[in-house]
Amino acid sequence: MPSDAPPDWVTHRLRLLGRRIRVQREALGVSQDGLGERTGLGGRRIDQVEQGADDATLDDLILIGSALDVPLAELVAGD
């Protein structure tokens, strides 16, 4: 059975998280494919997370934060 769409505020936070990841990645001069290789997630998955995918897992975020040398708390901090 399909799950309901997340509330608007969750979607907003996921997009904000994706933007933070993109900004950090670009500041390091790393492509999505490069970050995908560093994390083992692949460039396509990095793109999905940066776009605010609502199925990003905690594992994904931990791997990305580690590869970017950014604490997870900083990535998911509020507005």
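Which side chain does Arg25 meet in a salt bridge, and what is the N to O distance?

Author: Arg25 meets the side chain of Glu50, at 2.6 Å from N to O. A word on ground rules: this is a predicted model, where local features need pLDDT of at least 70 and side-chain atom pairs count only at pLDDT 80 or more, while totals for chains, interfaces and linings use all residues. Residues are numbered from 1 along each chain as its sequence is written, and side-chain values use heavy atoms, with hydrogens and water left out.

Back to your pair. (Helices here are DSSP runs of H or I, at least four residues long, numbered from the N terminus; a salt bridge is a side-chain nitrogen of Lys or Arg within 4 Å of a carboxyl oxygen of Asp or Glu.) Both partners, Arg25 and Glu50, are buried, where buried means under 20% relative accessible area, exposed over 50% and partly exposed in between, with a 1.4 Å probe and protein chains only. By that salt-bridge rule the count comes to four.

Arg45 is buried, because its relative accessible area is 14%. One of its partners is Asp60, with the closest N and O atoms 2.8 Å apart. Asp60 sits in helix α4 and Arg45 in helix α3, so that bridge ties parts 15 residues apart in sequence.

Asp55 counts as partly exposed because its relative accessibility is 47%. Look around Asp60 and, leaving aside neighbours within four places in sequence, you'll find it in contact (heavy atoms within 4.5 Å) with Leu41, Arg45 and Asp55.

α1 (residues 8–27) packs against α4 (residues 58–68) at an angle of about 25°, with the axes 10 Å apart; axes are lines fitted to C-alpha atoms over the stretch in contact, and angles run from 0 to 180 degrees between N-to-C directions. That angle makes α1 roughly parallel to α4 (roughly parallel is under 35 degrees, roughly antiparallel over 145, roughly perpendicular 65 to 115, and the rest oblique). Arg25 turns up again here: the contact is made by Leu17, Ile21, Gln24 and Arg25 of α1 with Leu61, Ile64 and Leu68 of α4. Those contact residues divide into five nonpolar, one polar and one charged. For that sorting, Ala, Val, Leu, Ile, Met, Phe, Trp, Tyr, Cys and Pro are nonpolar, Asp, Glu, Lys and Arg are charged, and the others, Gly among them, are polar.

Helix α4 has another packing partner in α2 (residues 32–39): their axes come within 9 Å and cross at roughly 110°. α2 and α4 are therefore roughly perpendicular to each other. On the α2 side the contact uses Leu35, Arg38 and Thr39, and on the α4 side Leu63, Ile64, Ala67 and Leu68. Here, too, the contact residues split into five nonpolar, one polar and one charged. The buried residues of α2 are Gly34, Leu35, Gly36 and Thr39, and what covers them includes α1, α3 and α4. Just after α2, Gly40 takes a positive phi of about 80°.

One last stop is the segment before α1, where you'll find Pro6. Pro6 counts as partly exposed because its relative accessibility is 25%. Its C-alpha is separated by 7.7 Å from that of Asp54, 48 residues away along the chain. Not counting residues up to four places away in sequence, Pro6 touches Thr11 and Asp54.

Note on methods. Helix = DSSP H or I, 4+ residues; strand = E, 2+ residues; numbered from the N terminus.
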